Amino acid sequence: MEAAAVPKPRVRRRDLLEDRRFLGPALIAPAVLFILLLVGLPLLLAVWLSFTDATSGSLHGNWVGLQNFSREWHNEIFRRALWNTFIFTVISQIIVLLGAGILAHALIKSFRGKTMLRFLILLPWAAPIALGAIGWLWIFDSLYSVVNWTLVHTHTTGIACGLFHVHNCSASNPPQWLGDPTLGKVSIITVHAWRILPFATVIFIAGIASIPNEVHDAAAVDGATGLRKFWYVSLPLQIPIATVALLFGIVFTATDMTVTYILTHGGPFNSTHMVTTWAFTTGIESGSLGAGAAISLFLLPVLAAVAIGMLVFARRAEVT
C-alpha cells in the first residue's frame, strides 16, 4: 500500500516575516545599503584618486602611485596640519571629559530649573555646527568681540595676554583671537570642546543613572563617600561608557572641518589648518583632487586603530 504524499506546507509571507533568520537581515539591509552607497563608494573613489594626478573637473588621471602621499608627507603645511589635528583633538577631549563629568554629577541632583539647564547644555549639540561656528565667529571678532569687551571691562586683558604668551597686547590693543596663530588654535579648541561637551554629558548622565541603587547603598555602608566613592565605585563603573563618549569625541573632532574653516580658514599663514581643511583646500579649492584625496586618507588608518583599541579597552573594562 503506497503512502499518500504529504503536501509541503506553503510558506506564507506573514510566517516569513516572523522568522528571525529573515527578519534580522531584512531590517538591517537598508542601513547597510545606505552606508555602502554613502560611505563605501566615495571611499573607494578617494582611494583610486589618491594614486592619480586627477584634477578638478575630471575623475580621470594618470597613475602616479605613492607620489601624492610622499609629496604631502614632506610638505611642512601638511605636517603642521597633522600636528594641529592631534593637539586640537587631545586637548579638547580632555576638557570635554572633565567638564562632562562635573556637569553630569551636578545634573543628576534634584533642583529647580534642572530641565531648562539640561536643555541649554544639550542645545549646542542639537544646533547645526555651521550655525554655532558662525556665532563663535562673532564672539571672537576683532572689533566686536564680546570676549575682549569682558576682558577690558574686568581689567583682565593683561592676564589673558600673559596666559597665552601674546605680545603687543593690552587694554587698548585687545587680543586678536582669530588673527594670531596661538589664539587661533585656542579659539578652535574652545569651539570643539563646546560642541562635544553636551553629547558627553548626556552619556555620562546615562552611565550614572544606570548604576543600581544597591551599589550606592553598599558604598555608604562601607564608609565610601565623596571622593573615595567616586574613585573606587562610580569611576570604574563609568569607564566603559566614558570610553565610548571619548571615541565619538575623537572621531567627530579629528574629522571635522567646519569649525576651523569658518573661524580661521586655516590661517593666519596656514598655522591652524587641520588635515580636513588642508585636504579641502588642496583638493577642492586648488583643484588637485589626487593630492586632496591622499591627504584625506592619512587619518583613516589612525582613526581605525584608535577606534579598535578603545573598543577593546572598553570591553575589558566592563564591570560584571
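## Getting to know the helices

Let's start at the end of H13: this helix is followed by Gly287, whose phi is positive, near 85°. Keep in mind that this is a predicted model.

**Exercise 1.** Find out how many residues of helix H13 are buried, and which ones.

*Solution.* Start with the range: H13 spans residues 275-285. Next, apply the cut-off, where buried means under 20% relative accessible area. Going along the helix, you pick up Val275, Thr276, Thr277, Trp278 and Ala279, then Thr281, Thr282 and Gly283. That gives 8 buried residues out of 11, and H13 is mostly covered.

**Exercise 2.** Work out how helices H5 and H9 cross, and which residues make the contact.

*Solution.* Two packed helices are described by the angle between their axes and the distance between the axes. Here, the axes of H5 (residues 114-126) and H9 (residues 181-209) come within 6 Å and cross at roughly 125°. So H5 is oblique to H9. As for handedness, the crossing is left-handed. Now list the partners: H5 brings Arg118, Ile121, Leu122, Pro124 and Trp125. From H9 come Trp194, Arg195, Ile196, Pro198, Phe199, Thr201, Val202 and Ile205. Sort them by class and you get 10 nonpolar, 1 polar and 2 charged residues.

Definitions and conventions:
Residues are numbered from 1 along each chain as its sequence is written. This is a predicted model: local features need pLDDT of at least 70, side-chain atom pairs count only at pLDDT 80 or more; totals for chains, interfaces and linings use all residues. Side-chain values use heavy atoms; hydrogens and water are left out. Axes are lines fitted to C-alpha atoms, for helices over the stretch in contact, and angles run from 0 to 180 degrees between N-to-C directions. Helices (H or I, at least four residues) and strands (E, at least two) are DSSP runs, numbered from the N terminus. Angles under 35 degrees count as roughly parallel, over 145 as roughly antiparallel, 65 to 115 as roughly perpendicular and the rest as oblique. A crossing is left-handed if the near helix is turned anticlockwise from the far one by less than a right angle, and right-handed if clockwise. Contact means heavy atoms within 4.5 Å. Ala, Val, Leu, Ile, Met, Phe, Trp, Tyr, Cys and Pro count as nonpolar, Asp, Glu, Lys and Arg as charged, and the others, Gly among them, as polar. Buried means under 20% relative accessible area, exposed over 50%, partly exposed in between (1.4 Å probe, protein chains only).
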